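The following account leads through one protein model, from its overall surface to individual side chains. Please keep the sequence and the coordinates in view while reading.

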Amino acid sequence: MADFRKPMQSLPLREGAKRTRYPFRLLRYWWVYQGILDETHRLGRGPTIVDVGSEIGLLRSLAPQVSGAHWIGLDRNVGNQHVAVAGYDELHECNLEQSIPLADDSADIIVCSHILEHLRNPENALGEAIRALKPGGVLLVGSPVLWRPVAAYYQRRYNRELQTGKRQLGQHVTAFHPKMWKRLAARLGLEVEIFAGSHILRWTGSRLENHQAWVRLNQFLAAIFPAFGNEVCIQLRTPSGDKTP
C-alpha cells in the first residue's frame with residue numbers, strides 16, 4: 001500500500017491527513033491507482049486515462065507515473081494552480097451535468113471518483129463516460145454510500161433543501177445505496193467486476209492510520225458489508241462489442 005506522506009505535503013489537505021501514512025481520506029485514490037495499474041498491465045500498453053471531475057488534480061498528483069499513459073482532466077474549472085502542476089496531458093472545461101468533450105471510443109480508463117453524488121443526473125454523466133470509453137474499457141467509480149433506508153431519507157432531504165434554496169448544486173444532491181448502484185450499472189449495460197466498501201471506521205489523523213493492519217481490517221469488513229463502508233469502490237466494464245444497452 002502506498003505511503004502518501006511525501007506527495008501530500010504540497011497539497012491543500014487537512015493537517016490530520018498529512019500526519020499519517022495511510023489516511024483513509026485518500027484510500028479512494030489508492031484504490032483507483034491499483035485499478036489503473038491492473039488495466040494497464042492487461043492492455044500491455046500505456047492507456048488513455050480520463051479523470052472526470054479532476055478538481056485540484058489530487059488523483060494525478062498522488063498516482064505515481066504509469067508508463068506511457070495519457071492523462072486527460074475534465075472539470076468546470078481547470079485553472080487551479082494545483083491542477084497546473086499535477087501533470088495532465090490535456091485539460092478541458094465542461095459541465096458534467098450535460099456532456100463531456102471527448103470523442104466516442106477514445107478512452108481506455110475513465111475515473112469518476114466522488115463526483116456523481118454532486119450531480120442531479122448521475123446516469124447521464126455515466127452514459128457520457130460510456131460513450132467515450134472504448135469497447136471493453138474500464139470505468140472506476142467511487143461515491144459515498146449509505147444503507148438503503150438512510151439513503152432514501154437523505155435523498156428526500158436533499159430534494160427539499162434544493163427546492164428551498166438551503167442546498168446548492170455542487171453540494172451533495174444524490175444519495176447512493178448499493179442496490180441503486182447495481183441497478184444503474186444493469187440499466188447501462190455495464191459489467192460489475194469489483195464492488196466493495198472502502199472502510200468501516202475513519203478517524204482522520206488517528207495513529208491507527210499509520211498501520212496497514214488497521215487499513216486492511218477496515219477494507220475487509222467494508223467489502224463484506226458495502227452498505228456500511230462509508231464509500232463504495234466500483235470497477236465497471238463496457239461490453240467488448242456494441243456498447244448500446
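The model is predicted, and local features need pLDDT of at least 70, side-chain atom pairs count only at pLDDT 80 or more, and totals for chains, interfaces and linings use all residues. Residues are numbered from 1 along each chain as its sequence is written, and side-chain values use heavy atoms, with hydrogens and water left out.

The protein has nine helices and seven strands, which are DSSP runs numbered from the N terminus (helices: H or I, at least four residues; strands: E, at least two). Of its 245 residues, 51% count as buried; buried means under 20% relative accessible area, exposed over 50%, and partly exposed in between (1.4 Å probe, protein chains only). Among contacts (heavy atoms within 4.5 Å) between residues at least 6 apart in sequence, 71% join residues at least 24 apart.

Helix 6 (residues 122-132) contributes P122, A125, L126, E128, A129, I130 and A132 to the buried set. These buried residues pack against strand 4 (107-113), strand 5 (133-144) and helix 8 (178-187).

The structure holds 12 salt bridges, each defined as a side-chain nitrogen of Lys or Arg within 4 Å of a carboxyl oxygen of Asp or Glu. In one of them, E39 pairs with R237, with the closest N and O atoms 2.9 Å apart. This pair links distant parts of the chain, since E39 is in helix 3 (residues 27-43) and R237 in strand 7 (residues 231-237), 198 residues apart. E39 counts as buried because its relative accessibility is 3%, and R237 is buried at 12%. E39 and R237 also belong to a network of salt bridges that includes R42 and E193.

Strand 7 also holds E231, which forms a salt bridge with R202 at 3.6 Å between the closest N and O atoms. R202 lies in the loop between strand 6 and helix 9, 29 residues from E231. E231 is buried at 5% relative accessibility, whereas R202, at 37%, is partly exposed. By contrast, E161 and R157 both lie in helix 7 (residues 148-164), four residues apart, about one turn of the helix; the closest N and O atoms of their salt bridge are 3.2 Å apart.

Which charged residue is buried yet has no salt bridge? That residue is R60, located in helix 4 (residues 58-62). The nearest side chain of opposite charge, D89, is 5.7 Å away; Lys and Arg count as positive and Asp and Glu as negative, while His and the chain ends are not counted. The R60 side chain does reach the backbone oxygen of G87, at 3.3 Å. Beyond its neighbours within four places in sequence, R60 is in contact with Q65, W71, A86, G87 and Y88.

How values were computed: A polar contact is a pair of N or O atoms within 3.5 Å; within protein, one must be able to donate a hydrogen and the other to accept it, and residues adjacent in sequence count only if both atoms are side-chain atoms.
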